[in-house]
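Reader: I have a model open and would like to go through a few of its labels with you. Could we take them one by one?

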Amino acid sequence: MGIGVSIFLIAVGAILTFAVDTAVNGFSIQTIGIILMAVGALGLIITLLVFAPRRRAGVVTERTYDERPTTY
């Protein structure tokens, strides 16, 4: 699941939770909205944790040390 899908799930869940005021027999639309927001947030966190290290891995620093004794 990518960042776009996660944000879409959060938005749809927020709409179902806060904007829809309809009663349906058998399930609660507000509960489904909360579940969608939770799944979207979890997907966003996992996506950022998995793909963030790949984006940072581009700079390699190499240090060299001169172990010769210094003379003044």
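Reader: Where does Ile7 lie?

Author: Happy to start there! In this predicted model, Ile7 lies in helix α1, which covers residues 3–19. The chain has two helices and zero strands.

Reader: Why is Ile7 called partly exposed?

Author: Its relative accessibility is 48%. Buried would need a value under 20%, and exposed one over 50%. The value for Ile7 falls in between, so Ile7 counts as partly exposed.

Reader: What separates the C-alpha atoms of Ile7 and Leu44?

Author: A distance of 7.4 Å, although the two residues are 37 apart along the chain.

Reader: And Thr17, what makes that one buried?

Author: Thr17 is also placed in helix α1. Its relative accessible area is 14%, and the cut-off for buried is under 20%, so Thr17 is buried. Across the 72 residues of the chain, 12% count as buried.

Reader: Which residues does Thr17 touch, not counting those up to four places away in sequence?

Author: Those are Gln30, Gly33, Ile34 and Met37. Each has heavy atoms within 4.5 Å of Thr17, which is what contact means here.

Reader: What does the side chain of Thr17 reach at 2.8 Å?

Author: The backbone oxygen of Gly13. For a polar contact the limit is 3.5 Å, and the 2.8 Å from the Thr17 side chain to that oxygen is within it.

Notes:
Residues are numbered from 1 along each chain as its sequence is written. This is a predicted model: local features need pLDDT of at least 70, side-chain atom pairs count only at pLDDT 80 or more; totals for chains, interfaces and linings use all residues. Side-chain values use heavy atoms; hydrogens and water are left out. Helices (H or I, at least four residues) and strands (E, at least two) are DSSP runs, numbered from the N terminus. Buried means under 20% relative accessible area, exposed over 50%, partly exposed in between (1.4 Å probe, protein chains only). A polar contact is a pair of N or O atoms within 3.5 Å; within protein, one must be able to donate a hydrogen and the other to accept it, and residues adjacent in sequence count only if both atoms are side-chain atoms.
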